[in-house]
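Hi everyone, thanks for coming. Today I'd like to walk you through one protein model, so let's bring it up on the screen.

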Amino acid sequence: MTDYYDLVIIGAGIQGVGVAQAAAAAGYRVLVLERTAIAAATSSQSSKLIHGGLRYLETGQLRLVREALRERALLLRLAPDLVKLVPFHLPVYRASRRKSWQLRLGLNLYRTLGGGRFQSLRKSDWDQLDGLVTENLTSVFRYYDGQTDDALLAQAVMRSAESLGAELKLPTEFVAARLEADHCQVVYREGTGPEARQRNCRCAALVNCAGPWAARLLEKVEPKQAPFAVDLVQGSHLWLALEAPKGCYYVEAPSDGRGVFLLPWHGETLLGTTETLHQGPPEEARTLPAETSYLLETLAHYFPHLRDVSEQQIKQKYCGLRVLPKGDGRLFRRSRSVLLHGNRHQAPRLVSVMGGKLTTYRLTAQKVMKMLEPCLPAAQAKGDTARLTLS
Ligand SMILES: Cc1cc2nc3c(=O)[nH]c(=O)nc-3n(C[C@H](O)[C@H](O)[C@H](O)COP(=O)(O)OP(=O)(O)OC[C@H]3O[C@@H](n4cnc5c(N)ncnc54)[C@H](O)[C@@H]3O)c2cc1C
């Protein structure tokens with residue numbers, strides 16, 4: 001007899017494991033299919049921040065910021081070993097595009113939306129800022145946000161889901177699905193190489209959490225699904241073998257005014273990120289030489305003593321793909337809210353989850369469960385994700 005699950009989830013990035021945890025906590029039988037490893041793609045290639053996203057205030061994404069700040073507060077409680085509040089510094093120079101009054105306004109709003117605190121540093125403290133250039137510096141704001149290890153967070157969420165009965169098959173590739181009136185038929189390939197075996201299962205609902213592959217994955221579903229128009233926008237980071245800064249810095253790239261982070265990471269330094277439209281298959285995305293130059297130029301501009309970073313000091317270059325709604329406008333201005341796409345308006349049996357934030361994975365999972373509720377059987381809840389600790 002074919003195996004039956006209430007939910008089959010494709011992809012064990014943060015969104016897939018988040019939905020697995022929410023569904024298992026709600027008492028459902030859950031199977032997660034992951035082709036490579038937990039957090040193998042975008043969910044290990046982020047800036048590793050659990051934050052409201054101060055810069056989203058500029059584009060008026062107040063709801064996203066408020067939700068993310070609430071989730072940040074929750075994760076600081078639920079996962080104290082994995083999510084820590086760290087100090088961020090925002091330097092303002094005479095030539096900065098964002099003026100002191102604008103940042104003060106933004107930080108006040110950030111505080112109103114999610115608590116926390118900020119201050120303007122005394123001039124006498126500026127020499128403690130890791131060698132930040134002080135010429136033409138007019139003010140430095142310090143505020144606090146969360147930092148995590150994105151891959152470890154995803155593994156912890158999956159462990160929590162498994163402790164509630166969810167099953168993970170890995171390496172296992174989703175091959176195809178057929179949506180019937182009252183269930184879905186799913187075909188997947190378990191294992192790799194000559195050992196790989198094709199298998200089938202049935203489920204009440206299917207959740208497509210394949211990250212940058214999610215839009216293409218819809219082509220494997222029968223009946224044919226309307227294509228979902230998205231852009232893949234890559235963001236690169238450089239992990240540098242340089243002594244870790246004492247704090248985090250959020251600076252304006254001199255060439256285009258975008259915000260770039262300099263962060264302590266495993267006793268060294270992480271620098272990111274970029275926004276470059278990616279065309280072609282997701283697996284072909286690579287950090288481009290122009291992105292490396294952009295990041296290193298920004299570093300040298302603010303920290304002149306780090307102007308000569310050698311190739312050997314670049315320990316790792318990695319790039320992740322943001323899934324953003326397709327559009328013509330500036331990439332910076334596109335919404336960063338998660339895209340939830342059901343196979344039909346009423347009672348969807350298939351939901352695709354694209355983009356969104358690592359920070360809001362738990363809330364996204366709740367929204368997915370709400371969408372799928374009409375096609376899921378009754379179940380006895382085993383827990384509440386707002387209370388389940390992660391370690
Ligand atoms: C550069 C960058 C920086 C970011 N920084 C932050 C940040 O600091 N804070 C924050 O909150 N958010 C951040 N984000 C957003 C966040 O990282 C992503 O929204 C999130 O990681 C997306 O997770 P996902 O599960 O949707 O996708 P992914 O993590 O990409 O997971 C998709 C999974 O699906 C699997 N898969 C694909 N096809 C198949 C198949 N056929 N069968 C089986 N498995 C399959 C893949 O192997 C993969 O593991 C950032 C994003 C980017 C790109």
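Let's begin at the ligand: 39 residues surround it, and the closest are Gly-11, Gly-13, Ala-41, Gly-211 and Gly-235. A residue counts as near a molecule if its C-beta atom, placed from the backbone, lies within 6 Å of it. Keep in mind that this is a predicted model, where local features need pLDDT of at least 70, side-chain atom pairs count only at pLDDT 80 or more, and totals for chains, interfaces and linings use all residues. Residues are numbered from 1 along each chain as its sequence is written.

Which elements give two or more residues to this shell? They are helix H1 (14-25), strand E8 (172-179) and strand E17 (314-325). Helices (H or I, at least four residues) and strands (E, at least two) are DSSP runs, numbered from the N terminus. By class, the shell has 17 nonpolar, 16 polar and six charged residues. Here Ala, Val, Leu, Ile, Met, Phe, Trp, Tyr, Cys and Pro count as nonpolar, Asp, Glu, Lys and Arg as charged, and the others, Gly among them, as polar.

Now, the domains. The protein is divided into domain 1 (3-43 + 151-229 + 336-375) and domain 2 (87-147 + 230-333), with bounds from an automatic or database domain assignment. Their centres, taken over C-alpha atoms, are 32 Å apart. The contact takes 11 residues from domain 1 and 10 residues from domain 2; two residues are in contact if their C-beta atoms, placed from the backbone, lie within 7 Å. Where does the ligand lie? Both domains give residues to its shell, so the ligand lies between them.

Back to H1, which packs against helix H7 (residues 361-372) at an angle of about 60 degrees, with the axes 8 Å apart. Axes are lines fitted to C-alpha atoms, for helices over the stretch in contact, and angles run from 0 to 180 degrees between N-to-C directions. That makes H1 oblique to H7: under 35 degrees counts as roughly parallel, over 145 as roughly antiparallel, 65 to 115 as roughly perpendicular and the rest as oblique.

Last, some backbone details. Most residues other than glycine have a negative phi, and most peptide bonds are trans. The bond from Glu-222 to Pro-223, however, is cis, with omega near -10 degrees. Pro-223 sits in the loop between strand E11 (221-222) and strand E12 (230-240). The bond from Gly-272 to Thr-273 is cis too, with omega near 10 degrees. Finally, Ala-39 has a positive phi, near 55 degrees.
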